[in-house]
Amino acid sequence: MARIGRAIVRVPRRISKGQVFKVQMVITHPMETGLRKDKKTGKLIPAHYLTRIEFLFNGKKVTTIHSGPGISKNPYFAIMMKAAESGTLTIKYEDNKGGKWEKSLKVSVA
Amino acid sequence: MFTRRDLFKVAGVGAAALLIAPGSVKESFGVKKISIDDALKEHLGVTLKDLKESNLITVKAPTIAESGANVPVQVKANIPVDRVEALYIFADNNFNPWVTKVELSSMNGEVFFATRIKLAKTSPVRAVVKMKDGSLLMAVKEVKVTVGGCG
C-alpha cells in the first residue's frame with residue numbers, strides 16, 4: 001500500500017462569513033488493530049492505525065481527533081467549522097508507526 | 001434422597017456451566033477484552049453508573065449494520081460549542097471500547113462529529129460529551145451487527 005496517508009478533503013465551494021460549514025475528509029490508511037491474523041501465515045498483523053488528526057485554520061487549532069484501531073479502514077471524518085475570513089485549512093495527521101502527513105487547502109469566505 | 005427432581009437440577013447447572021464456558025475462550029486468544037467500565041475509568045475517570053443520559057445529544061447510527069467493519073456514526077449536541085471540551089465515542093463490546101476523542105474549540109461553530117467505526121459485534125454505541133465545567137453527558141444507540149468487523 002504505497003498510498004498510505006493520501007487524503008481527500010472537501011469543503012463547500014461558497015462560504016459566507018460566519019456560516020457554519022462541514023469539512024469532510026477521507027484518509028487512505030489500513031487501520032490495522034493488531035488483533036487480526038494473516039490468513040496465509042497465521043501470524044498476527046501488527047497494529048497500524050492513525051493516532052491523531054489535527055485541524056488548523058490559519059495556524060489556530062480547530063479540532064484534534066484522537067483516534068485508535070476502533071476507527072474503520074480508510075477513515076472518514078467530518079467536522080463543522082466557522083470562519084470569519086478566508087485562509088488556509090491545514091490538516092496534520094500521524095499514525096502509531098511514526099508516519100506523519102500534512103495537507104493544506106484554501107478556504108475562501110465571501 | 002436423590003429424586004428425579006434433583007437430577008434435573010444437577011443437569012441444569014451443568015448445562016449452564018457449558019453455556020458460560022465459550023465466553024472465556026476469548027481470553028485465551030492472548031488479548032484481554034477491556035470492559036466498558038475500565039475504558040470509561042481510563043479516559044473519563046468515571047464508571048457507567050455515573051453517566052447520565054441526556055436528550056441534548058443525538059447519536060445517529062444504523063439500527064442494523066450489515067458489516068461491523070464500517071458503521072457510520074454521527075454525533076450532534078444541542079449545546080453551545082464554547083461550553084464543550086471534548087467528545088468521546090465508546091463501543092461496549094469492542095476489544096477496546098474507546099473509539100475516539102475529539103477536542104473541540106469555539107471555531108467549530110457547533111458540536112458535530114461524524115466518522116465510521118468498527119464494531120466487533122452487536123453493541124451499544126455511546127457518545128459522551130465532556131463539558132468545560134467537568135460534567136458529562138451521554139447518549140446511547142444500540143447497533144445490531146450481523147458480521148463482525150475485527151477480523
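A residue is called buried if 20 or more other C-beta atoms lie within 10 Å of its own, exposed if 12 or fewer do, and partly exposed in between, with C-beta atoms placed from the backbone. By this count, 33% of the 151 residues in chain B are buried.

The model is predicted: local features need pLDDT of at least 70, side-chain atom pairs count only at pLDDT 80 or more, and totals for chains, interfaces and linings use all residues. Residues are numbered from 1 along each chain as its sequence is written, while chains are lettered from A and ligands numbered from 1 in the order in which they are written.

Helices (H or I, at least four residues) and strands (E, at least two) are DSSP runs, numbered from the N terminus. Chain B has two helices and nine strands, and along the sequence their pattern is α-α-β-β-β-β-β-β-β-β-β. Two residues are in contact if their C-beta atoms, placed from the backbone, lie within 7 Å. Of the contacts in chain B between residues at least 6 apart in sequence, 68% join residues at least 24 apart.

A nonpolar core is a set of buried Ala, Val, Leu, Ile, Met, Phe, Trp, Tyr and Cys residues joined through C-beta atoms within 7 Å. The largest one holds 55 residues, and those that touch the most other members are B:Leu87, B:Ile89, B:Phe90, B:Ala127 and B:Val129. Strand E5 (residues 84–91) of chain B gives the most to this core, with six residues. Leaving aside residues up to four places away in sequence, B:Phe90 touches B:Ile36, B:Ala39, B:Leu40, B:Pro97, B:Trp98, B:Val99, B:Arg126 and B:Val128.

Helix H2 (residues 36–44) of chain B has B:Ile36, B:Ala39 and B:Leu40 buried. These residues lie on the same side of H2(B), because they cover an arc of only 100° around the axis, taken from the directions from the helix axis to the C-beta atoms. The buried residues of H2(B) pack against E5 and E6 of chain B. After H2(B) comes B:Gly45, with a positive phi near 75°.

**Where the chains meet**

The contact takes 28 residues from chain B and 28 residues from chain A. On the side of chain B that touches chain A, strand E6 (98–103) and strand E7 (111–117) are the elements that give two or more residues. That side divides into 14 nonpolar, nine polar and five charged residues; Ala, Val, Leu, Ile, Met, Phe, Trp, Tyr, Cys and Pro count as nonpolar, Asp, Glu, Lys and Arg as charged, and the others, Gly among them, as polar.

Two strands pair if DSSP finds at least two bridges between them. An open sheet of six strands, with antiparallel pairing, runs in the order E1(A)-E2(A)-E5(A)-E7(B)-E4(B)-E2(B). Its edge strands, each pairing on one side only, are strand E1 (7–10) of chain A and strand E2 (57–60) of chain B. Two of the pairings are described here.

**Positive phi in chain A**

A:Met31, though not a glycine, has a positive phi of about 50°. A:Met31 is in the loop between strand E2 (20–27) and strand E3 (50–57) of chain A, and counts as buried because 21 C-beta neighbours are inside 10 Å. A:Asn58 is not a glycine and has a positive phi of about 50°. A:Asn58 is in the loop between E3 and strand E4 (60–67) of chain A, and counts as partly exposed, with 15 C-beta neighbours inside 10 Å.
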